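Got the sequence and the 3D view open? Let's walk through them together, one piece at a time.

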Amino acid sequence: KFIALCTFARGFLLTRKASTSRAHYAYTDDSGGDVLVSKVVVLVIDGARHAWVREDAGARALAFTRALGRSRRIDDDDGVGGTDDAKGCGKMFKFVADAPTTTQQRLKGILTGGLPTFIDVSASFGGAALDEDNVVAQLLARGKRLAFSGDDTWGELFDLNVTFAVDASPFESFDVKDTTTVDAGVRRRMRDMLRRPDDWDVLIGHMLGADHVGHTYGATTDEMEDKLRENDQDVRDIVETLRADARFAETLFFVFGDHGMTDHGDHGGGTADETESFLLVYHPWASKCTESGKMPDETMPQVDFAPTLASLVGVPIPYGNL
């Protein structure tokens, strides 16, 4: 039995060595790489299932968010309309994580474009700083001004006051019965920062309410339906702000989950419910859209997020990206 256990541990509980090397561009001037967008807004809805943005989602759905991802301007009957129906285009992806589907490991994978291992999962409960090359470090190295609010897990990965010097507002994450405090804090801080777009280049908010509702009540409950309606309104509020201010004309808005959850609200493993989330990419001022209608969402591995964002904002792709 001991030999069998050791064999299992060596084959399944893999360890990995992280490289501290950094990717670099051979810049010829101060402009850096090609810049396609000047500002980025990121909203993480922790634990968001892909099922919540499918056409057959039913009552427990992010209906407005789903509609934004259909790559077209939608009239008021569809719940998206606005004062200027000529602008705003989006695309929805099935955003697929690799196990383990715990928050810290998913953040590492999303930001580095690499893969954590199962033995790293213990770090999700008091982990170490992110020393590997990552898209946040690359943004900071190119002089981008970053602001953050939400899940204090980010404080285990970065020195928040240095990395997010414009605004760093972490909120305690381990009280899973608290389904409102973190979301309310993120809502308040993002609303304030969106009024001051000249102060920042990248704005990140990480909401925890849906994840905590899942852990406390389950993913298929009335409580979850209420929370999704609330988060859908959060997305609507941000979109309306971005579309109303010309200073956001070159801004890209990302909404995604770091992982999914089972019907009981659990996550950590590798089932489809746990690994499949969604990624909405939305440009509030775009005018030429490709109709996607009710076609199935394209699949995007989470490891592709870091190189995609890096390419859009003109910084090097993280060194360890797969």
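We'll start with the sheet, then look at a strand inside it, the helices and the cores.

First, some ground rules: this is a predicted model, where local features need pLDDT of at least 70 and side-chain atom pairs count only at pLDDT 80 or more, while totals for chains, interfaces and linings use all residues. Residues are numbered from 1 along each chain as its sequence is written, and side-chain values use heavy atoms, with hydrogens and water left out. Helices (H or I, at least four residues) and strands (E, at least two) are DSSP runs, numbered from the N terminus.

Two strands count as paired if DSSP finds at least two bridges between them. (Axes are lines fitted to C-alpha atoms, for helices over the stretch in contact, and angles run from 0 to 180 degrees between N-to-C directions.)

Zoom in on strand 1 (residues 39-45). Six bridges join it to strand 5 (residues 202-207), and the two run parallel; V44, for instance, has H206 of strand 5 as its bridge partner. Another six bridges link strand 1 to strand 6, again running parallel, and there V41 stands opposite F253. Strand 6 and strand 7, by contrast, run antiparallel and are joined by four bridges, with F253 opposite Y282 of strand 7.

Is strand 6 buried or exposed? Six of its six residues are buried, where buried means under 20% relative accessible area, exposed over 50%, and partly exposed in between (1.4 Å probe, protein chains only). In a regular strand the side chains alternate between the two faces of the sheet. Here T251, F253 and V255 lie on one side and L252, F254 and F256 on the other, and all are buried.

What about the helices? Helix 7 (residues 181-194) and helix 9 pack at an angle of about 5°, with their axes 11 Å apart. They are therefore roughly parallel to each other, since angles under 35 degrees count as roughly parallel, over 145 as roughly antiparallel, 65 to 115 as roughly perpendicular and the rest as oblique. On the helix 7 side, the contact (heavy atoms within 4.5 Å) is made by D183, R187, M190 and L194. Helix 9 brings in residues including K227, E230 and I238.

In soluble globular proteins, nonpolar side chains tend to be buried together. A nonpolar core is a set of buried Ala, Val, Leu, Ile, Met, Phe, Trp, Tyr and Cys residues joined through side-chain atoms within 4.5 Å. The largest one in this model has 37 residues, and V41, L43 and F253 have the most contacts inside it. Helix 9 gives the most to this core, with six residues. Beyond its neighbours within four places in sequence, L43 touches residues that include V186, M190, I238 and F253. A second, separate core of 35 residues includes F93, W154, F305 and A310.

Last stop: A99, in the loop between strand 2 (89-96) and helix 3 (103-112). At 24% relative accessibility, A99 counts as partly exposed. A99 and T275 are 176 residues apart in sequence, yet 7.0 Å apart in space, C-alpha to C-alpha.
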